[in-house]
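Reader: Could you take me closely through one part of this model, the place where its domains meet, and explain how each term is defined as you go?

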Amino acid sequence: QTDVCESADWYNSKFIVSMAANMNMTRTPDVHFISEARTEGTKFVVLAPDFRQIAKYCDEWIPIQAGQDTALWMAAKHVILKEYDIDRQVPYFIDDVKRDTDLPFLV
């Protein structure tokens with residue numbers, strides 16, 4: 001919800017995911033950036049067990065149950081790693097993984 005970017009950066013995004021947040025209630029002054037971003041073509045997905053207020057802005061609502069969020073993000077990470085790092089191998093990434101990460105031990 002408030003990890004990294006400033007709310008005005010939402011306007012520059014192409015894909016936004018809202019999880020465990022109801023920005024209409026917690027970030028009322030900033031929520032207009034979501035609708036403005038959508039006007040520019042940004043896709044907006046809400047992950048929530050209930051159809052909460054912020055879901056009225058979204059392109060897709062994914063009704064996850066408690067405890068499913070971790071599995072969902074692990075699946076997303078799997079797809080990203082497979083499609084962008086395994087199926088389409090880049091020498092820079094392979095070298096970086098071998099030298100600077102513990103990824104080889106996880107496989």
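Author: The side of domain 1 that touches domain 2 consists of five nonpolar residues, with no polar and no charged ones, where Ala, Val, Leu, Ile, Met, Phe, Trp, Tyr, Cys and Pro count as nonpolar, Asp, Glu, Lys and Arg as charged, and the others, Gly among them, as polar. This is a predicted model, in which local features need pLDDT of at least 70 and side-chain atom pairs count only at pLDDT 80 or more, while totals for chains, interfaces and linings use all residues. Residues are numbered from 1 along each chain as its sequence is written, and side-chain values use heavy atoms, leaving out hydrogens and water.

The area buried between domain 1 and domain 2 (accessible area, 1.4 Å probe, lost on putting the two together and summed over both) is about 390 Å², with carbon and sulfur atoms giving 82% of it. In domain 1, M19, L47 and I64 lose the most area to domain 2, together 82% of what that side buries. By an automatic or database assignment, domain 1 spans 1-64 and domain 2 spans 67-101, and their centres, taken over C-alpha atoms, are 25 Å apart.
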